[in-house]
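Biologist: I'm new to this one. Can you put it on screen and walk me through the main parts?

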Amino acid sequence: MKLLEGKITLITGATRGIGRAIATHFAQEGATVAFTYRSSSAKADSLVAEIEAVGGTAKAYQADAGDMGATQAVIDDVLKTFGRIDAIVNNAGITQDNLLLRMNEEQWSQVLETNLNSVFFTTKVALRAMLKQRSGSFINISSVVGLQGNAGQANYAASKAGMIGFTKSVAREVGSRGIRANVVAPGFIATEMTEALPEKELATWLEGIPLKRAGTPEDVAHLCAFLASDRSTYITGQVFNVDGGMVMA
Ligand code: NAP
């Protein structure tokens, strides 16, 4: 039997990068994949086609992760269409980098809304159904930047650190009902988010990685599949780095 056979999953922000790898890997492992995106409809269609081509089931939703009403509509439809919801990967995330003295309120709010408010929304909305099921797994994609901070990313670091406190609170609040919540903290992963970095900065990042390479989106997807599966039913409230050893506690 495949790892995620019969599981109904929702992944936010899955048209490219880490989210897309999670969606395709979950489908390969037998999960039904509902996913959201903000703007790339063509990429969303191609992801649905890619999953269906190998016999999987996928449904795309255009929904801004930072919008509570849109999130409610997505989760209502997932429950109506597929009957339950077993795992949610809160992956949608953005950066709006700037040094603090130059950072404006909009850059602060946009990053907090997309990266952190979104996690509150999906969790709050899906919890009712998961409480009835007495099972569910939340997987929240943070970042090593949320653990260590990063100059020029105070907004992003705050959002990613906030996710960690939030996840641990959820794990404590609903653990007795069989619902789990964990954080995955990627390090330097090769996606569109990181490809814009100048050569010099890239070299500095690689210098600090014991495994001496950037991670792939699949490196992150494999851990997410384990956390969504019944192989991890005694694991909750934890932070797992996927970073080639960049950060060691
Ligand atoms: P990416 O390549 O920029 O992809 C982001 C995805 O999120 C896209 O599918 C995008 O869809 C979607 N998205 C953005 N804003 C959204 C919104 N408001 N509502 C719904 N969907 C939205 O990013 P990535 O590198 O794969 O990163 C994925 C996650 O991992 C993020 O949370 C990021 O912070 C985290 N992370 C990444 C790295 C890294 O090195 N890449 C490291 C640590 C953590 P549209 O194009 O349609 O907007």
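Modeller: One term before we start: contact means heavy atoms within 4.5 Å. Leaving aside neighbours within four places in sequence, F35 is in contact with L10, I11, A14, T15, A44, L47, V48, K59, A60 and Y61.

Biologist: What sort of model is this, and how are residues numbered?

Modeller: It is a predicted model: local features need pLDDT of at least 70, side-chain atom pairs count only at pLDDT 80 or more, and totals for chains, interfaces and linings use all residues. Residues are numbered from 1 along each chain as its sequence is written, and side-chain values use heavy atoms, with hydrogens and water left out.

Biologist: Back to the core. How many residues does the largest nonpolar core have?

Modeller: The largest nonpolar core has 32 residues. Those with the most contacts inside it are I11, I22, F26, F35 and V184. By nonpolar core I mean a set of buried Ala, Val, Leu, Ile, Met, Phe, Trp, Tyr and Cys residues joined through side-chain atoms within 4.5 Å. Buried is under 20% relative accessible area, exposed is over 50%, and partly exposed is in between (1.4 Å probe, protein chains only).

Biologist: Which helices and strands each supply at least two residues of this core?

Modeller: Helix 1 (17–28), strand 2 (32–37), helix 2 (41–53), strand 4 (87–90), strand 5 (136–141) and helix 9 (217–228) each do. Helix 9 gives the most, with 7 residues. Helices (H or I, at least four residues) and strands (E, at least two) are DSSP runs, numbered from the N terminus.

Biologist: Now strand 2. Why call it largely enclosed?

Modeller: Because 6 of the 6 residues of strand 2 are buried, the rest of the structure largely encloses it. T32, A34 and T36 point one way, while V33, F35 and Y37 point the other way. In a regular strand the side chains alternate between the two faces of the sheet.

Biologist: Take T32. Buried or exposed?

Modeller: T32 counts as buried, at 15% relative accessibility. Its contacts, leaving aside neighbours within four places in sequence, are K7, I8, T9, T57 and F82.

Biologist: How does strand 2 pair with strand 1?

Modeller: Strand 1 and strand 2 run parallel, joined by 4 bridges. Two strands pair if DSSP finds at least two bridges between them. I8 has T32 as its bridge partner in strand 2, and T9 stands opposite V33.

Biologist: And which faces of strand 1 are covered?

Modeller: Both faces are covered. I8 and L10 are buried on one side, T9 and I11 on the other.

Biologist: What about strand 3 and strand 4?

Modeller: Strand 3 (residues 58–62) pairs with strand 2 in the parallel sense over 5 bridges. V33 stands opposite A58 there. Strand 4 runs parallel to strand 1, joined by 3 bridges, and L10 has I88 as its bridge partner.

Biologist: What unit do strand 1, helix 1 and strand 2 make?

Modeller: They make a right-handed β-α-β unit. Right-handed means that, with the strands pointing away from the viewer, the path from the first strand over the helix to the second runs clockwise.

Biologist: Changing topic: how many residues surround the ligand?

Modeller: 31 residues surround the ligand, and the closest are T15, R16, N91, Y156 and T191. To count, a residue needs a heavy atom within 4 Å of the molecule.

Biologist: Which atoms lie by the ligand's oxygen atoms?

Modeller: An N or O atom in the side chain of S40 is 2.8 Å from a ligand oxygen atom. A polar side-chain atom of K160 lies 2.9 Å from a ligand oxygen atom. For I189, a backbone N or O atom lies 2.8 Å from a ligand oxygen atom.

Biologist: Two more. Where is T122?

Modeller: T122 is in helix 4 (residues 105–133). T122 counts as buried, at 4% relative accessibility. Not counting residues up to four places away in sequence, T122 touches T12, T71, I75, I88, N90 and F138.

Biologist: And G83, buried or exposed?

Modeller: G83 counts as exposed, at 56% relative accessibility. Its place is in the loop between helix 3 (68–82) and strand 4.

Key: A polar contact is a pair of N or O atoms within 3.5 Å; within protein, one must be able to donate a hydrogen and the other to accept it, and residues adjacent in sequence count only if both atoms are side-chain atoms.
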